[in-house]
Amino acid sequence: MTGRREIYLQEMGLGPVWRARGVQADAPDLVDAGAMDSAELKAAVAGCTACELHKTRTQAVFGVGDENADWLFIGEAPGAEEDAQGEPFVGQAGKLLDNMLKSIGLKRGDNVYITNVVKSHPPNNRNPLPNEIAACIPYLRRQIDLIQPKLIVTLGKIASEALLGREATIASLRGKVHAYQGIPLIVTYHPAYLLRTLQDKARAWEDLCLAKQTMQDLCSKEPATL
Ligand code: URA
């Protein structure tokens, strides 16, 4: 493992558990996306070969929406439809996500940006592996730096753990306002999980209300502009 990888993993809070399970000693070097502008970042993601997923994807899926959005929603990884269309959350889970947005007065692309932790489709819709997450997360970190959202909503366990840097259940993380690098972060269930687990939709609604309230509080604290 290179020194730089070690430093990144430390910074991400990815301790020995993640490393032992997934990040291989012979895995490719992590990407240095820290100084890229938006166009460079998109090009780097489109051509990325940092993990094995590039061999089976149709295309990398960068993200969609308003690049100056206040709201940033983060999922796990593109599914088969997203891989085909090049846009996150366009399948069944995406339809539910659009309805979740609508329920709190939001719309894809309108002050909202949507992306994933991992930009390439894992075969057979399996969960991304820890080494794939570790290889891809520098892109997400840079996306967040460039977008500078007021609020992040993580959808499901993979996105929540990746940004909070620790393993935890959604049940234990939801209902609170966390922070990613000083940006308030709210955790909720992944829409694909909600399609299978209808009884948790009410909890997701509570999470969305918390997100909306948090955004209102953030906006009311902003100094008025002339
Ligand atoms: N699930 C995700 O996490 N992201 C997508 O883009 C689609 C499904």
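Contact means heavy atoms within 4.5 Å, and helices (H or I, at least four residues) and strands (E, at least two) are DSSP runs numbered from the N terminus. The model is predicted: local features need pLDDT of at least 70, side-chain atom pairs count only at pLDDT 80 or more, and totals for chains, interfaces and linings use all residues. Residues are numbered from 1 along each chain as its sequence is written, and side-chain values use heavy atoms, with hydrogens and water left out.

**The sheet**

Select the six strands of the open sheet, which has mixed pairing and the order S1-S3-S2-S4-S6-S5; two strands pair if DSSP finds at least two bridges between them. S1 and strand S5 (178-180) form the edges, each pairing on one side only.

Five of its five residues are buried, so S3 is largely enclosed by the rest of the structure; buried means under 20% relative accessible area, exposed over 50% and partly exposed in between (1.4 Å probe, protein chains only). Val 112, Ile 114 and Asn 116 point one way, Tyr 113 and Thr 115 the other.

Now display the neighbours of S3. Strand S1 (residues 64-65) pairs with S3 in the antiparallel sense over two bridges, and Val 64 has Ile 114 as its bridge partner. Strand S2 (residues 71-75) runs parallel to S3 and is joined to it by five bridges; here the partner of Leu 72 is Tyr 113. Further along, strand S4 (residues 151-155) and strand S6 (residues 183-188) pair in the parallel sense over four bridges, with Ile 152 opposite Leu 185.

To see the contact, select Ile 133, Ile 137, Leu 140 and Ile 144 of H6 with Ile 158, Ala 162 and Leu 163 of H7.

**The cysteines**

Finish at Cys 136, which is buried, with a relative accessible area of 10%. Its sulfur is 6.2 Å from the closest cysteine sulfur, in Cys 48, too far for a bond.

Definitions and conventions. A disulfide is a pair of cysteine sulfur atoms within 2.5 Å.
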